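Subject: Structure handover

Hello,

Here is the structure you will be working with. Please open it first, then read my notes below.

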Amino acid sequence: MKPSSLTPATEQIIATLDGIGATDLAGDRQAQIAVAAAARRMLARIQTPFEHVLRYQIDAGIAATCQVLLDLGLWKGWTEAGGKDASLVQLVDYCSPVAPDMNLLGRLLRYLASEYVVKEVGVNMYRPTAYSLELGKPTSATTQALLVCDHHWLDSCRHMPAFLAKTGYQEPLDPVQSNYADWTPEKLTLFARMQTNPAYAVSFTGWMAGLVGYKADWTDAYDTKDLVEGFFREREKTNSSSGESSGSGTLLVDIGGSHGLDVSSLLAKHPDLPAGSLVLQDLTHVTAHARVDPDKVTVMAHDFFDPQPVRGEPGLPPARDPARLGRPGLPADPAARVGGHDARTGVSMYQAAVDTGLMFLVSARERTEGQWRLLLKSAGFRVQAIWWPAVSGTEAVIEAELCDGDDDEGEEDGGEDYNNEDEEEE
Ligand SMILES: C[S@@+](CC[C@H](N)C(=O)[O-])C[C@H]1O[C@@H](n2cnc3c(N)ncnc32)[C@H](O)[C@@H]1O
């Protein structure tokens with residue numbers, strides 16, 4: 001073997017990095033996220049300036065190539081055939097309904113092998129990886145995330161330079177005249193366009209479900225015991241004063257709750273919550289794909305810009321009309337609290353990517369603690385507490401309640417905005 005020109009110290013670093021396998025961190029999702037983020041940072045530090053650009057080019061090329069093989073049905077055919085080592089000839093056979101040119105497929109697979117999407121185990125012989133096997137399951141979050149690149153993401157990124165030049169480099173805050181609406185042939189916003197093609201909504205919802213891995217469970221950060229006990233006490237009082245069971249009452253309305261992760265987390269902690277006490281709201285095409293216990297959670301198609309149909313319940317309507325929500329001023333009622341999420345300073349890669357992703361897709365953004373305080377205040381809420389997750393870089397829970405009159409709280413706390421002092425954009 002040719003002697004290595006690398007120093008022993010460098011060889012040692014490489015051996016350590018190569019020695020880290022998926023099984024070392026298996027089961028510890030937070031550790032896996034932290035180590036992957038460190039690996040990305042290391043890459044960014046040691047790469048030459050030119051290699052930074054190469055990295056973007058390779059990532060875009062790999063995403064497009066994975067999409068071609070998804071369109072060809074190769075991932076599905078390969079997974080369904082048992083996901084074993086396969087020759088190029090077999091792999092062409094797994095494609096359906098169109099059999100691709102063998103040279104073309106060979107070149108695409110070689111490219112994917114260089115990024116460990118598949119493993120090259122011999123001349124024209126390939127082994128699937130955990131990643132490519134997931135791509136073989138049409139409903140997996142991985143497959144839906146890849147489709148999001150095709151349906152929504154890549155063109156949104158691609159269009160951003162032209163859009164910002166056109167708008168004079170203003171921060172995009174108009175959800176209607178968004179970058180997304182500007183590039184799409186239909187000139188529709190993300191959520192409106194999702195209603196024109198079920199596949200667009202399915203991919204988006206599946207992708208959101210996959211992002212769960214980056215979210216801390218809100219019921220870990222926020223102790224829900226008082227909330228639930230208060231709910232049962234209130235319910236008991238109402239039932240005994242009316243002399244009959246008046247139904248369960250509503251404990252939580254998750255507004256814009258997507259497929260129902262947050263509602264399901266609460267139910268998992270308190271399985272004795274009665275049917276009807278939890279409500280999941282989102283747009284019709286999203287609630288159609290809700291993944292909740294239908295016996296316990298009421299799934300409701302509701303546009304959050306319309307008046308809130310669940311009365312007497314708290315929440316933060318983006319249209320900033322607390323009166324719609326029923327009872328103002330519920331000082332001690334734990335059920336009068338709203339949940340929200342925050343991005344701290346020193347944000348993680350996930351938070352920074354979500355922030356700009358929101359900008360590219362819907363002219364929205366992540367907020368700092370101070371910005372959340374100002375926004376909630378302007379909607380008539382007072383922040384009671386902020387519950388940070390054990391692992392920084394994920395999302396926090398903001399506990400707030402409806403209040404009457406002026407409240408100075410929060411103004412000193414970094415809620416300043418470079419050019420948007422009164423947080424009008426929602
Ligand atoms: C970024 S996702 C957040 C989902 C969930 N709350 C979470 O934290 O994972 C935003 C959600 O808001 C929903 N949404 C957007 N516009 C809406 C509207 N006008 N009315 C109701 N839901 C809406 C979307 O369909 C999507 O599920």
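Start with E369. E369 is partly exposed, at a relative accessible area of 23%. Here buried means under 20% relative accessible area, exposed means over 50%, and partly exposed lies in between, with a 1.4 Å probe and protein chains only as cover. The areas themselves come from the Shrake-Rupley method with a 1.4 Å probe, and for residues only the protein chains shown count as cover.

Two notes on the source. This is a predicted model: local features need pLDDT of at least 70, side-chain atom pairs count only at pLDDT 80 or more, and totals for chains, interfaces and linings use all residues. Residues are numbered from 1 along each chain as its sequence is written, and side-chain values use heavy atoms, with hydrogens and water left out.

**Salt bridges**

What does E369 pair with? E369 meets R373 in a salt bridge, at 3.2 Å from N to O. A salt bridge here is a side-chain nitrogen of Lys or Arg within 4 Å of a carboxyl oxygen of Asp or Glu. Side chains of opposite charge can pair when their charged atoms come close. R373 is buried, at 15% relative accessible area. E369 and R373 are four residues apart in helix 17, so about one helical turn separates them. Helices (H or I, at least four residues) and strands (E, at least two) are DSSP runs, numbered from the N terminus. An α-helix has 3.6 residues a turn, so residues three or four places apart point the same way.

How many salt bridges are there by this rule? The count is 13.

One of them joins D85 and R127, with the closest N and O atoms 2.8 Å apart. D85 sits in the loop between helix 4 and strand 1 (86-87), and R127 sits in strand 3, so the pair ties together parts 42 residues apart in sequence. D85 is partly exposed, at 33% relative accessibility. R127 is partly exposed too, at 35%.

R365 and E171 form another salt bridge, with the closest N and O atoms 3.9 Å apart. This pair links distant parts of the chain, 194 residues apart. R365 is in the loop between helix 16 (349-362) and helix 17 (369-378). E171 is in the loop between helix 8 and helix 9 (179-183). Is R365 buried or exposed? R365 counts as buried, at 11% relative accessibility. E171 is partly exposed, at 33%.

**Helix 6**

Helix 6 covers residues 102-114. Its 13 residues should span 18 Å at 1.5 Å a residue, and its end C-alpha atoms are 19 Å apart, which agrees. The expected span is 1.5 Å times one less than the number of residues. D101 caps the N-terminal end: a side-chain oxygen lies 2.8 Å from the backbone nitrogen of N103. After helix 6 comes Y116, with a positive phi near 65 degrees.

Which residues of helix 6 are buried? They are L105, G106, L108, L109, L112 and A113. These pack against helix 3 (49-71), helix 4 (74-80), helix 5 (88-94), strand 2 (118-122) and strand 3 (125-128).

**P128 in strand 3**

P128 lies in strand 3. P128 is buried, at 11% relative accessible area. Its contacts (heavy atoms within 4.5 Å) are W78, G83, K84 and L133, leaving aside neighbours within four places in sequence. P128 and W78 are 50 residues apart in sequence, but 8.3 Å apart in space, C-alpha to C-alpha.

**Helix 11**

Helix 11 (residues 198-210) holds T205. The helix has 13 residues and reaches 18 Å from its first C-alpha to its last, close to the 18 Å expected at 1.5 Å a residue. At its start, a side-chain oxygen of N197 reaches to within 2.9 Å of the backbone nitrogen of A199.

Y200, A201, S203, F204, T205, G206 and A209 are buried in helix 11. Their cover includes helix 8 (141-166), helix 10 (190-194) and helix 15 (284-287). T205 has a relative accessible area of 2%. T205 touches S258, H259, V286 and H289, not counting residues up to four places away in sequence.

Best wishes

Definitions and conventions: Polar contact = N/O pair within 3.5 Å; in protein donor to acceptor, adjacent residues only side chain to side chain.
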